[in-house]
Amino acid sequence: MSLRLPQGLGPSVAPDRLNQAFQHEIAAEKAASLDRSGKKLAATLAQLHSAADEGDRATLIKNAAEAAHHYFIQRELCGLFVHQSIIDDYDIPREVLAQMGAR
C-alpha cells in the first residue's frame, strides 16, 4: 500500500511555500486567540465595574485577574510585551493587577 499526497502537495511544492502557509496559519490562530482573550477580559471587567455587592466583588476580582493574566500572556505570545496601554484602555483596576497570577 502506498500513500499518495493530494495534487499540489508533492515534492514539487517548495518547502518555503509550505512554511509560509504554516506561519500564516499560526499567526491567524494567535490573532483569534488574542481576540477571544480580550473579549473575555472586557466581559469580566464589565461585571466587576457593575458589581454592587461586596461579597461578589472578591470573586469578580479573581475572575478579572485571571482573564487579564491570560490576555497578557497571549499578547506576549504575539510579541507584544508592553501592557500599560492595555491597562489604561481596559481600565483595569489595581486590585485586579495585584491578583494576577495568584491562585
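Leaving aside neighbours within four places in sequence, L45 is in contact with A64, Y90, I92 and P93, where contact means heavy atoms within 4.5 Å. The structure is a predicted model, in which local features need pLDDT of at least 70, side-chain atom pairs count only at pLDDT 80 or more, and totals for chains, interfaces and linings use all residues. Residues are numbered from 1 along each chain as its sequence is written, and side-chain values use heavy atoms, with hydrogens and water left out.

L45 also belongs to the largest nonpolar core, which has 16 residues. Such a core is a set of buried Ala, Val, Leu, Ile, Met, Phe, Trp, Tyr and Cys residues joined through side-chain atoms within 4.5 Å. Buried here means under 20% relative accessible area, exposed means over 50%, and partly exposed lies in between (1.4 Å probe, protein chains only). The residues with the most contacts inside this core are L41, L45, L48, Y71, F72, I92 and V96. Two or more core residues come from each of α1, α2 (54-77) and α3 (84-90), and α2 gives the most, with eight residues. In soluble globular proteins, nonpolar side chains tend to be buried together.

The overall architecture comprises four helices and zero strands, following the pattern α-α-α-α along the sequence. Helices (H or I, at least four residues) and strands (E, at least two) are DSSP runs, numbered from the N terminus. Of the 103 residues in the protein, 24% are buried. Among contacts between residues at least 6 apart in sequence, 64% join residues at least 24 apart. The accessible surface comes to about 7600 Å², and 54% of this area belongs to carbon and sulfur atoms; accessible areas come from the Shrake-Rupley method with a 1.4 Å probe, and for residues only the protein chains shown count as cover.

Helix α1 spans residues 15-49 and includes S37. S37 counts as buried because its relative accessibility is 14%. Not counting residues up to four places away in sequence, S37 touches H70, Y71 and Q74. A42 is found in helix α1 as well, but A42 is partly exposed, with a relative accessible area of 35%. A42 and A67 are 25 residues apart in sequence, and 8.7 Å separates them in space, C-alpha to C-alpha. T44 has its place in helix α1 too. With a relative accessibility of 10%, T44 counts as buried. Apart from neighbours within four places in sequence, T44 is in contact with N63, A64 and A67.

Attention now turns to helix α3, where I87 lies. I87 counts as buried, at 16% relative accessibility. Leaving aside neighbours within four places in sequence, I87 is in contact with F72, I92 and L97. The C-alpha atoms of I87 and F72, which are 15 residues apart along the chain, are separated by 9.9 Å. The loop between α3 and α4 (94-99) holds D91. Although D91 is not a glycine, this residue has a positive phi of about 55°. Most residues other than glycine have a negative phi, and most peptide bonds are trans.

The largest pocket contains about 160 Å³ of space. Pockets are found on a 1 Å grid over the protein atoms alone: a pocket is an open set of points with protein on both sides within 12 Å along at least five of seven lines, and lining residues have an atom within 4 Å of a point. Grid points are joined across faces, edges and corners, and a volume is the space filled by probe spheres set on the points. The lining consists of K62, A65, E66, H69, Q99, G101, A102 and R103. The largest share of that lining, four residues, comes from α2. By class, the lining has two nonpolar, three polar and three charged residues; Ala, Val, Leu, Ile, Met, Phe, Trp, Tyr, Cys and Pro count as nonpolar, Asp, Glu, Lys and Arg as charged, and the others, Gly among them, as polar.

Among these lining residues is R103, whose place is in the segment after α4. R103 counts as exposed because its relative accessibility is 87%.

Note on methods
On a 1 Å grid over the protein atoms alone, a cavity is a set of points where a 1.4 Å probe fits but cannot get out, and a pocket is an open set with protein on both sides within 12 Å along at least five of seven lines; lining residues have an atom within 4 Å of a point.
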